[in-house]
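Good morning, and thank you for the time.

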Amino acid sequence: MSPRSFAQTGRKIVAIGRNFSEHAKELGNAVPTAPFFFLKPTSSYVVSPGRIEIPQGCVVHHEVELGVVIGKRGRDIRAADAFEHVAGYALALDLTARNLQDEAKKKGLPWSAAKGFDTFTPVGPFIPATKIPDPHNVRLWIEVAGQIRQNGVTDAMIFQIPQLIEHVSRVMTLEEGDLVLTGTPKGVGPILPGEQVVAGLEYQGKELSRIEFAAIARD
């Protein structure tokens, strides 16, 4: 099994919530004092170039994120050792049926339905860790229907990658090919059927990944 094929062989997607303070605030959420996460099914992967399905009755929002691809199995990983378990990175979108999520939050219910639809984790190709020596200096952007929506740098993360890996691995073993989504900058918004979605990942002024998707209505 190779981390390069994470979208085909990875066993889980671990998504960190509210890891950029301005994003937490734009949705009226409290800024967390400790990391928290939720899981997404690997059946939600779709690779670029591809199509994003917009389910009927869902208000689907984009969230552009840096994904961390695990390359070495570990449990109770110390933050100081975290990068020994990182094989590389990937540009990813965490799509959310925001209306379903809002309803679930009001009722105190899980978010799985809002996050887990097929095609709700669009991803780009694997980027080896050697290409990004400092993952806390990565620029992420997304354009929907020709308009830039999000444009932020990972230095604004509340909890950095070693802390996230330490926190998650205290709860569950991280396995080769798992993807850890590290949170999204401010500017999330809706994607409508018929719109084109383009996102990019830049490091030190160089574009390392660009992904493209067409949004379609789900029958």
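Let me begin with a definition: two strands pair if DSSP finds at least two bridges between them. Helices (H or I, at least four residues) and strands (E, at least two) are DSSP runs, numbered from the N terminus. The model is predicted, so local features need pLDDT of at least 70 and side-chain atom pairs count only at pLDDT 80 or more, whereas totals for chains, interfaces and linings use all residues. Residues are numbered from 1 along each chain as its sequence is written, and side-chain values use heavy atoms, with hydrogens and water left out.

Next, β11. Because 5 of its 7 residues are buried, β11 is largely enclosed by the rest of the structure. It pairs in the antiparallel sense with β15 over 7 bridges, and with strand β12, residues 147-153, over 6 bridges. I142 has a bridge partner in each: A199 in β15 and Q150 in β12. β11 and β12 form a hairpin with 2 residues between them, and A145 in the turn has a positive phi of about 55°.

There is also an open sheet of 3 strands, with the order β8-β5-β14 and antiparallel pairing. Its edge strands, β8 (96-97) and β14 (189-190), each pair on one side only.

Finally, the cores. A nonpolar core is a set of buried Ala, Val, Leu, Ile, Met, Phe, Trp, Tyr and Cys residues joined through side-chain atoms within 4.5 Å. The largest has 46 residues, and those with the most contacts inside it are L93, I165, V197 and L201. Among the elements that give two or more residues to this core are β6, β7, β11, α5 and β15. Apart from it lies another core, of 15 residues, including A15, F38, Y45 and V123.

What does L93 touch, if residues up to four places away in sequence are not counted? With contact taken as heavy atoms within 4.5 Å, its partners include V64, F120, I142, V197 and A199.

How values were computed:
Buried means under 20% relative accessible area, exposed over 50%, partly exposed in between (1.4 Å probe, protein chains only).
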